[in-house]
Amino acid sequence: MEVERVQEIASLSSLKGTIPSAFIRLENEQPAITTIHGVLLEVPVIDLSNPDHQSLVASISEASQNWGIFQVVNHGIPSELISKLQKDGKEFFELPQEEKEKIAKPIGYEGVEGYGTKLQKEIEGKKGWVDHLFHRVWPPSAINYHFWPKNPPSYRDTNEKYAQSLIPVADKLFGLLSRGLGLEDGELKQGLGGEELTYILKINYYPPCPCPELALGVAPHTDMSSLTILVPNEVQGLQVFKDDHWYDVAYIPNALIVHIGDQIEILSNGKYKSVFHRSTVNKDKTRMSWPMFLEPPPEFEVGPMPKLTSEENPPKYKTKKFKDYVYCKLNKLPQ
Ligand code: OGA
Ligand code: NI
């Protein structure tokens, strides 16, 4: 059985000027109808080089409680490295189809890694206008290089360098988020598996779409991760649900977009909120994004931190293994 890639569907669709009905959203999801137009949402900007630790903690904590998303500037990752990450990922997706299929998710395989297209249809049988590649990048024991592109040849080195340079940024964020909860620097990361916390890179590839007002890239969701650190390309597409409406997020060149994921909402017993988001597609341009999901190991149990609950503030979430959380979420079962 051949899996149909959106990239291939897109090249046929651009000739015809229409898209298959499986990609046409119901009215309550169509971006043209449901987006607040002409307003770019300015999500909080966190300057990581700010020497005033107290104010940094306060701004990250405020953003995580009221938005669940913020952008980070002066993070220390060289802009050349981010450009190289984008260039190498783009080159992979521009390879001939059979080259990409060499690292496709095998049929019937349950793992997350590999090149692919979401098979499971969403509500009402609709599909997202996007292909993807997933592979783990950290810790070294979690890496399976089979799922890393061999082409372009610099892909591995670039992605290893990017993962390495992201670790201190993530650690700093975890420290600040911990302080915002009245904890010590290392406590939040400890509650997520400590040094076994796994970094999974996803590349989203959204080909041009003849009917961008009717389709979505990634459907509305919150991330299952603890934090997601995302690099977009220059094509607008990320939307956030705020005050009951969908808004486009204003990009800042070279900023990292940080999403609070479900696991941090759980650990904080609901004080920090995971952000509800989706992505749209563009008529003429290919959009890409590189979210890095920071996830607990599968067997690791996550629940509200005992220090953050009390008789007046009882646990609002169950404590469970991360793999069980993922299973319930993917199968739309109650947690
Ligand atoms: C995701 C996601 C948003 C984007 O892949 O989980 O939310 O901007 N992507 O591509
Ligand atoms: Ni997401």
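Q: How many residues does helix α6 have, and what distance does α6 reach from its first C-alpha to its last?
A: This is a predicted model, in which local features need pLDDT of at least 70, side-chain atom pairs count only at pLDDT 80 or more, and totals for chains, interfaces and linings use all residues. Residues are numbered from 1 along each chain as written, chains are lettered from A and ligands numbered from 1 in the order written, and side-chain values use heavy atoms without hydrogens or water. Helices (DSSP runs of H or I, at least four residues) and strands (E, at least two) are numbered from the N terminus. With an expected span of 38 Å at 1.5 Å a residue, taken as 1.5 Å times one less than the number of residues, α6 (residues 155-180) has 26 residues and reaches 37 Å.

Q: At which residue does α6 bend?
A: The bend is the angle between axes fitted to the seven residues ending at a residue and the seven starting there. A proline, Pro-168, follows within four residues of the bend, which is about 25° and lies at Ile-167.

Q: At roughly what angle do the axes of α3 and α6 cross?
A: Axes are lines fitted to C-alpha atoms, for helices over the stretch in contact (heavy atoms within 4.5 Å), and angles run from 0 to 180 degrees between N-to-C directions. Residues of α3 including Leu-56, Val-57 and Ile-60 meet residues of α6, among them Leu-173, Leu-176 and Leu-177. The two helices are therefore roughly perpendicular, a term for angles of 65 to 115 degrees. The axes of α3 (residues 53-66) and α6 come within 8 Å and cross at roughly 85°.

Q: Which residues are the protein donors of the nickel ion (ligand 2)?
A: Donors are N, O and S atoms within 2.8 Å of the metal (3.2 Å for Na, K and Ca), and sites may look incomplete because water is not among the atoms. The donor residues are spaced H-x1-D-x53-H in sequence. Asp-223 lies in the loop between β6 (198-206) and β7 (227-232), and His-277 in strand β11 (residues 277-279), 54 residues apart. At 2.1 to 2.2 Å from the ion, the donors are His-221 (NE2), Asp-223 (OD) and His-277 (NE2).

Q: Is Asp-223 buried or exposed?
A: Buried means under 20% relative accessible area, exposed over 50%, and partly exposed in between, with a 1.4 Å probe and protein chains only. The relative accessibility of Asp-223 is 6%, so Asp-223 counts as buried.

Q: What is the omega of the peptide bond from Trp-138 to Pro-139?
A: Most peptide bonds are trans. Pro-139 is in the loop between β5 (131-138) and α6. The bond from Trp-138 to Pro-139 is cis, with omega near -5°.

How values were computed. Angles under 35 degrees count as roughly parallel, over 145 as roughly antiparallel, 65 to 115 as roughly perpendicular and the rest as oblique.
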